[in-house]
Structures are given as structure tokens and as C-alpha cells.
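Please keep the viewer open as you read.

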Amino acid sequence: MRSAQQILADSAVIAVVGASRDPRKAAHSVPSQMQRYGWRIIPVNPTADELFGERVYRSLADIPHPVDLVDVFRPAQDAVGVVREAVEIGAPAVWLQLGIVSAEARRIATEAGVDYVEDRCLIVERAAAGLTRLG
């Protein structure tokens with residue numbers, strides 16, 4: 001299993017499940033900041049059409065290309081289904097944001113050989129490691 005920082009270093013394309021239009025929410029500010037540091041953000045939200053200058057997809061299965069990491073901004077009870085979807089699309093890693101913990105989601109990811117992080121924030125880990133994907 002890769003560390004949280006290694007997952008970020010290895011990832012270029014991040015699908016963000018639960019990405020928000022509301023700039024006051026972490027589900028907007030976190031992916032927006034990751035995008036500013038060079039990651040491609042693919043928003044997944046059933047009620048938006050475009051976020052962060054990218055087309056929004058209704059589900060992970062609708063994304064027409066591979067993703068390196070699935071970042072989850074959904075309640076823990078929803079994380080189980082999201083992790084199942086991530087396994088189905090062949091995502092190599094899943095990340096549950098700060099405050100989101102699910103033993104069942106962890107079990108599904110581990111059994112499928114998917115790297116798994118929970119209760120951690122992408123931007124905190126990015127900053128701690130000094131990671132960027134810019135030139």
C-alpha cells in the first residue's frame with residue numbers, strides 16, 4: 001500500500017465525488033486548490049454541468065477515461081457505494097476526505113487491492129509533502 005503522499009505524487013487525474021459549486025465548502029475549495037497546483041480535477045456531481053472549468057459527470061462510471069485517484073466528499077454511509085464504483089472502474093486509489101471514515105469502504109478497497117486513505121485532506125497532504133504537478 002502506498003502512503004497518502006505517494007498516492008498524490010503518483011496521481012495526475014483526480015475524480016472528485018461530491019464536488020460542490022459552493023466556494024465556501026471544502027468540496028469546492030480543496031479540488032480548486034489541487035487544480036491550481038497542476039492536478040486535473042474531474043468533478044462528479046449529479047446536479048452540476050461544469051465545475052473548475054471541467055465537464056461534470058453524474059457518476060464515476062460515466063467518466064470516459066482512466067482516473068488515478070477517486071477523492072470522496074460524501075458522508076461515510078455513501079462512501080461504501082463510491083468505493084465499489086471506484087473498484088469497478090479500475091481506479092488504483094481512493095481517498096476519503098477529512099472526517100470521513102468507513103470500515104466497510106476500507107474493507108472493499110483493501111480486498112480489491114486499491115490503495116485507501118481516509119480522514120485526511122488532500123491539500124494538507126499536498127502541502128506537507130511540498131507536492132506540485134506544475135512544470
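Let's start with helix α5 (residues 122-129), where Leu122, Ile123, Glu125 and Arg126 are buried, buried meaning under 20% relative accessible area, exposed over 50% and partly exposed in between, with a 1.4 Å probe and protein chains only. These four lie on the same side of α5 because they cover an arc of only 165 degrees around the axis, taken from the directions from the helix axis to the C-beta atoms. On the other side of α5, Val124 and Ala128 are exposed. After α5 comes Gly130, with a positive phi near 65 degrees.

A word on the basis: this is a predicted model, in which local features need pLDDT of at least 70 and side-chain atom pairs count only at pLDDT 80 or more, while totals for chains, interfaces and linings use all residues. Residues are numbered from 1 along each chain as its sequence is written, and side-chain values use heavy atoms, with hydrogens and water left out. Helices (H or I, at least four residues) and strands (E, at least two) are DSSP runs, numbered from the N terminus.

What do the buried residues of α5 pack against? Their partners are α1 (4-10), β1 (13-17), α2 (26-36), β5 (69-72) and β6 (93-96), with contact meaning heavy atoms within 4.5 Å.

Two of these strands are covered on both sides. In β1, Val13, Ala15 and Val17 on one side and Ile14 and Val16 on the other are all buried. In β6, Ala93 and Trp95 point one way and Val94 and Leu96 the other, all of them buried.

The strand pairs below each need at least two DSSP bridges.

| Strands | Sense | Bridges |
|---|---|---|
| β1 and β2 (residues 40-44) | parallel | five bridges |
| β1 and β5 | parallel | four bridges |
| β5 and β6 | parallel | three bridges |
| β6 and β7 (residues 115-117) | parallel | three bridges |

Within these pairs, Val16 has Pro43 in β2 as its bridge partner, and Ile14 has Leu69 in β5. Val70 stands opposite Val94 in β6, and Ala93 stands opposite Asp115 in β7.

Now for the helices α3 (residues 76-88) and α4 (residues 103-111): they pack at an angle of about 10 degrees, with their axes 8 Å apart. α3 and α4 are therefore roughly parallel to each other, a label for angles under 35 degrees. Ala79, Val80, Val83, Arg84 and Val87 of α3 meet Glu104, Ala105, Ile108 and Ala109 of α4.

Note on methods. Axes fitted to C-alpha atoms, helices over the stretch in contact; angles between N-to-C directions. Parallel < 35°, antiparallel > 145°, perpendicular 65-115°, else oblique.
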